[in-house]
Amino acid sequence: MTSRGTDGWTAGGLPAELTSFVGRRQDIAEVKRLLAGSRLVTLAGVGGVGKSRLALRVAAEVRRAFRDGVCLVELAALESSEVLVQAVIENLRIVDHSSREPMDVLADHLRDRQILMVLDNCEHLLHECAVLAATLVRAAPGLRILATSRQALGAPGEQTMVVPALPVPGMNGQRPGGEPPERSDAMRLFAERARAVVPDFEITDANRETVTRICRGLDGIPLAIELAAVRLRVISAEQLLSRLEDRFGLLTTGSRARLPRQQTLRALIDWSHALCTEQERLLWARLSVFSGSLDLEAAEYVCAGDGIAAEEIVDVVIGLVEKSILLREEHGSMVRFRLMETIRQYGRDRLRESGEEGELRRRHRVWYHDLATRMHQAWFGPDQVTWYRLMRLEHDNVRSALDYCVSTPGEAEAGMTLAAALRYYWIAADSPREGRGWLDRLLAVDAAPVRARARALCLDARLAVLQSDFGVAVGLLAECRELNRELGDDGITGAAAYVGGLAAVLQSELPEALDLLGEALECGRATGDQMLVANSLIYLGTARSLLGRADEAVDSFEECLRLCETRRERWFRSYTLWTYGIEVWKQGDTRRAVEMEREAIRLKEPFKDPLGIALCAEALAWMAAGEGDGRRAATLLGALEEMRRAFGGPLFGHLSDYHDACEQAARAAIGDRRFETAFRKGATMTPAQVIAYALRADRSTGERPRESSPLTRREMEIARLVARGMSNKAIAASLVIAQRTAEGHVEKILSKLGFSSRVQIAAWIGRQDLPVDEPWSGGAS
């Protein structure tokens, strides 16, 4: 079975190593041995000892043994245990629109899979992680969990390994005899990190003893060594040793030779803190309110004042980056910053000591409230994808802001407004479950009869409808309408009518759907809410189509497309093309319908919208079956089977008859045995392969066959591997070439084809009408 890719609907991947991994051969071997004998292994140890790096290295080395891949779940940024299970669901890219308990969804998804799950930084959610791990290993025989924590989880069957510091000559009974001291892991790490700031640094006869004493004084703790090595940018190794010894002498009452590791790390961070300017120390503490990463604008708003002017933030940030306190990250054209978790927790302690934590968290909430509001206002326009990608990067910060609103008296109303402003993000990011979770908690905290509550109730109902939780949605809508009788807000009236109409369409209650969606459309036009107008037209057209009122349906779809194209947006247009394409197919124009579905998929690609892409691919399956291409229909149905399971049935129940007819037609065309073979092939496809296959030219509709390729034989080979979802590193390993060579080939492919993303390469491969797992035999050499 082919493992789902890192951009897919099952296991997520591992991050690339930004710095070299040094040593720990014996530790790696021991973790592998423990994993072979136990399904839950916890790497325990003090902060900075290298638990996470060791876990990721082991995961990378054993990943081939796990049919369905490796999933990394980073927990450090989670402020609340309430979203622990949801975080795991997101990392596994599970799509589930039912109203089942998240733990049940997760256990059911993993039941028949062979996955290694890495739970990183469990210490602040110790009990919850223990319950999660125990539940999952019982439910899923093929699952193994590798956790990192400052202490054991305490779960049944857990094997714990205390991660040691790196060996240093002359420490813990180790003698300098045998191999040279510089071959020890601690000194190799110091030398490699030192070369990052002083390129010609080497351990020589002149400095060997100094470096040995530095590593010994730091007890071989990797983070301590890395933080110390960066100081060579401004001082010599001898000066570094002198300052370390002086600093540690103030912190210990016993022998200087054996400092406690936790105290040593704290002492080093204290020393790094002392080396910062007053403004840098102040900003370090204030930045600790952010979860995950942040951009410069957020830092300027949240952290300025009382000692740092807004215009000074950029210079202070530069200082913290230069001191390796703040990490710089590039995300496309955006630059963001991140505090390592140990550094962040140190800053948070300082912030609490200053008495500023409450005010800084409030400012943080205000910033993300404003950001979400701006995103909502800009969503129906040309910057939709840019906003979506930004909010994906800010997801951890959004969670922190919502957690603050839930836990802080008087902030629930602001939290409801924030959650409601994210209405399209919850859907586009395929997070209706998380959105409902926050809304339910906020609604329970504050029952004041205000507009924010009415909007929150309406959105909660909308997300419930998308999970087919119609009974709950009815109650929420009733409360929303009752409250709005006092408020008299036409926007809320229209939104509630739309949600009711959507629910009616999905339950095939079409006359009621026409009434409610017509009311929503009128409210949208009266209030100038163009997103409500677009939403209403999409499903008004759908209801009319299902009732056989083809001309009226086409009028609704065409009006919606004109509105969307005027605003140059993608999201609403893609859903319009999906359902409009089905109507065109019903009218007999299969070729045009197929192209509409494919255009909808292309519009959805930047969002990685699994539900929307699945709906379009299923429609393409119906069309293929209608043209007698049973193999293609069966392959597409197989590719979508997991999505169907997530819904507990057909994708959108009002279309179930088409699905059943498609399967019957495909079986009749090619026979049960060939149908099952094609279906199984589809079930092994990665999301990138599903997209490529869906976009591939279809002979049954008379589409133009593949043209000659502009790529060389080797480039075509690499393009096929990209289409399979492989990283540059994996391609290099597969073809036995250098990773840089693979990267160069991918860059040439992008340049020759005029593309900017790997997804476009995958889609192009599909349009060549070549299976991504078959050899290529044409084109230039």
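This is a predicted model: local features need pLDDT of at least 70, side-chain atom pairs count only at pLDDT 80 or more; totals for chains, interfaces and linings use all residues.

Author: In α18, the residues Glu 413, Met 416, Thr 417, Ala 419 and Ala 420 meet Ala 452, Arg 453, Arg 455, Ala 456 and Leu 459, which belong to α21. Sorted by class, the residues of this contact between α18 and α21 come to six nonpolar, one polar and three charged. Helix α18 covers residues 412-421 and helix α21 covers residues 451-466, and the two pack at an angle of about 40 degrees with their axes 9 Å apart. The pair α18 and α21 is therefore described as oblique, and the crossing that these two helices make is left-handed.

Helix α21 also packs with helix α20, which is made of residues 432-445; here the angle is about 145 degrees, and the axes are 9 Å apart. On the side of α20 the contact is made by Pro 432, Gly 435, Arg 436, Leu 439, Asp 440 and Leu 443, while α21 contributes Arg 453, Ala 456, Leu 457, Leu 459, Asp 460, Leu 463 and Ala 464. The residues in this contact of α20 with α21 divide into eight nonpolar, one polar and four charged. As for handedness, α20 passes α21 in a left-handed crossing. If you follow Arg 453, Ala 456 and Leu 459 of α21 on the structure, you will find them in the contact with α18 and also in the contact with α20.

For another pair, turn to helix α4, residues 102-110, and helix α5, residues 126-139, whose axes come within 9 Å and cross at roughly 40 degrees. That angle makes α4 oblique to α5, and the crossing of these two helices is right-handed. The contact is formed by Met 103, Leu 106, Ala 107 and Leu 110 from α4, together with Leu 132, Thr 135, Leu 136 and Ala 139 from α5. By class, the contact of α4 with α5 holds seven nonpolar residues, one polar residue and no charged ones.

Searching the whole structure gives five cavities of 30 Å³ or more, and the second largest cavity holds about 70 Å³ of space. Eleven residues line this second largest cavity, and those nearest its centre are Thr 542, Ser 545, Thr 579, Ile 582 and Leu 655. Helices α25 (530-546) and α27 (571-586) each supply at least two residues of that lining, and α27 gives the most, with four residues. Taken by class, the lining of the second largest cavity has six nonpolar, four polar and one charged residues.

Notes: Residues are numbered from 1 along each chain as its sequence is written. Side-chain values use heavy atoms; hydrogens and water are left out. Axes are lines fitted to C-alpha atoms, for helices over the stretch in contact, and angles run from 0 to 180 degrees between N-to-C directions. Angles under 35 degrees count as roughly parallel, over 145 as roughly antiparallel, 65 to 115 as roughly perpendicular and the rest as oblique. A crossing is left-handed if the near helix is turned anticlockwise from the far one by less than a right angle, and right-handed if clockwise. Contact means heavy atoms within 4.5 Å. Ala, Val, Leu, Ile, Met, Phe, Trp, Tyr, Cys and Pro count as nonpolar, Asp, Glu, Lys and Arg as charged, and the others, Gly among them, as polar. On a 1 Å grid over the protein atoms alone, a cavity is a set of points where a 1.4 Å probe fits but cannot get out, and a pocket is an open set with protein on both sides within 12 Å along at least five of seven lines; lining residues have an atom within 4 Å of a point. Grid points are joined across faces, edges and corners, and a volume is the space filled by probe spheres set on the points.
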